Amino acid sequence: MNCLHERARIEKAYAQQLTEWARRWRQLVEKGPQYGTVEKAWVAVMSEAERVSELHLEVKASLMNEDFEKIKNWQKEAFHKQMMGGFKETKEAEDGFRKAQKPWAKKLKEVEAAKKAHHAACKEEKLAISREANSKADPSLNPEQLKKLQDKVEKCKQDVLRTKEKYEKSLKELDQGTPQYMENMELVFEQCQQFEEKRLRFFREVLLEVQKHLDLSNVASYKTIYRDLEQSIRAADAVEDLRWFRANHGPGMAMNWPQFEDEEWSADLNRTLSRRDKKKATDGVTLTGINQTGDQSLQNKPSSVSSYEKTQSYPTDWSDDESNNPFSSTDANGDSNPFDEDTTSGIEVRVRALYDYESQEHDELSFKAGDELTKMEDEDEQGWCKGRLDNGQVGLYPANYVEAIQ
């Protein structure tokens, strides 16, 4: 019972570990860079763990609810505890053997006593004969003393004959009682054998049940799990995934290129992503479009190359605000480059770096503590300023990293 109980705990612990593993890695896969059919193959591996976990919980339940309880009930029926401790069946077996042995054991004790008496008489006889032989060579002994030694020898010989006769008689009686003793002992032994046979057969039956519960290879659902897993993995198609990625995140994605707009446009309809919006979006490269008015309006569809943030929300409001839209032109003749940095707005102020800063993005500046640079625009809501290094590089930097030069 302890053996099965421990195995059931192992099955439960293994099932819990599989579930935790599957849950953790499913989240990582869903938030990670995988996509398409290969992502489905990864998820299928986690599903396999969850389904196998359920099967091992069923194994645990079978061991405890069926096998453990079966042994427990059999123990109650086959072994009955006594008030003074021990089992009734054990005491009955011991009493049966003791009763079968009692008559023969009594005769055996008589044989041992007769044997001991006979050996003592023989020893005494040898000692008396030795004394008599030595007395014949001793001239100091008178005839009366010699006569006593001779009488002692005769008495010892008679004791030897008497004890021998008794010893032989007790052995004969023991031999006569031996067949009955063996018959009684075998009867009790066979009763114990029958009881033991029931126990052995029961345990064989129980162990077969345990084997059936542990052997998942014969469970139809177990085979189905790995058949489904193989199908999911084999269904992974690199060409299909690349085609999907191209259509959704590459050259094939829907584009909204800038088009001619008449005077009647709303400044609130469209605007470009400011740095504040950019900070809220993903770390990947975002391809964006501009919503149009009229019949040529297309659905705005920002798309990130990285699928890590595919569960994140992206800003969808756009504006053609002249101050933010890099594609809008301030030159009526179209001579200005919309990709050039605007270096004319605001009042330029010389500042000194208080700390080292390493740029995190391509449009940020890097500098060391003590370096001087020119602040071109005031701090925005995100805490960033636009500035220019002495080498002419223009970019953004954290406002609290510098101080104005007095």
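Glutamate 132 itself has its place in helix H3, which spans residues 88–135. Is glutamate 132 buried or exposed? Its relative accessibility is 16%, so glutamate 132 counts as buried, the cut-off for that word being under 20%. Keep in mind as you look around that this is a predicted model.

Now step back to the whole chain. The protein has seven helices and seven strands. Follow the elements from the N terminus and you will read them in the order α-α-α-α-α-α-α-β-β-β-β-β-β-β. The protein has 406 residues, and 27% of them count as buried. Consider next the contacts between residues with a separation of 6 or more: 68% of these come from residues 24 or more positions apart.

Take H3 and H4 to begin with. Their axes come within 7 Å and cross at roughly 165°. This makes H3 roughly antiparallel to H4, because angles over 145 degrees are counted that way. The crossing in which H3 passes H4 is left-handed. Which classes of residue make up the contact of H3 with H4? There are 26 nonpolar, 10 polar and 14 charged residues in it.

Helix H1, made of residues 2–31, also has a partner. The axes of H1 and H2 come within 8 Å, crossing at roughly 165°. H1 is therefore roughly antiparallel to H2. Their crossing is left-handed, and the contact of H1 with H2 contains 21 nonpolar, six polar and nine charged residues.

H2 also meets H5. Here the axes come within 9 Å and the crossing angle is roughly 175°, which means that H2 is roughly antiparallel to H5. Sorted by class, the contact of H2 with H5 has 10 nonpolar, three polar and three charged residues.

Side chains of opposite charge can pair when their charged atoms come close. How many salt bridges does a search of the whole structure find? The total is 22. One of them joins the side chains of aspartate 228 and arginine 51, with 3.2 Å from N to O. This pair links distant parts of the chain, since aspartate 228 is in helix H5 (residues 220–234) and arginine 51 is in helix H2 (residues 36–78), 177 residues apart. Aspartate 228 has a relative accessible area of 26%, so it is partly exposed. Arginine 51 counts as partly exposed because its relative accessibility is 30%.

Other salt bridges sit within one helix. Arginine 98 forms a salt bridge with aspartate 95, and their closest N and O atoms are 2.7 Å apart. Arginine 98 and aspartate 95 are three residues apart in helix H3, so about one helical turn separates them. Aspartate 95 is another partly exposed residue, because its relative accessibility is 30%.

Glutamate 209 and lysine 212 form a salt bridge whose closest N and O atoms are 3.4 Å apart. Because they are three residues apart in helix H4 (residues 143–214), about one helical turn lies between them. With a relative accessible area of 25%, glutamate 209 is partly exposed. Salt bridges can also be joined into a network, as they are for Arg350, Arg352, Glu372 and Asp390.

Our last stop is among the strands. Where is glutamine 360? It is in the loop between strand S3 (349–353) and strand S4 (372–377). Glutamine 360 has a relative accessibility of 62%, so it counts as exposed. Between glutamine 360 and tyrosine 397 there are 9.9 Å in space, C-alpha to C-alpha, while in sequence the two are 37 residues apart.

Definitions and conventions
Residues numbered from 1 in each chain as written. Predicted model: local features only at pLDDT ≥ 70, side-chain atom pairs only at ≥ 80, totals over all residues. Heavy atoms only, no water. Helix = DSSP H or I, 4+ residues; strand = E, 2+ residues; numbered from the N terminus. Buried < 20%, exposed > 50% of the residue type's maximum accessible area, 1.4 Å probe, protein only. Salt bridge = Lys/Arg side-chain N within 4 Å of Asp/Glu carboxyl O. Axes fitted to C-alpha atoms, helices over the stretch in contact; angles between N-to-C directions. Parallel < 35°, antiparallel > 145°, perpendicular 65-115°, else oblique. Left-handed = near helix turned anticlockwise from the far one by under 90°. Nonpolar A, V, L, I, M, F, W, Y, C, P; charged D, E, K, R; others polar. Contact = heavy atoms within 4.5 Å.
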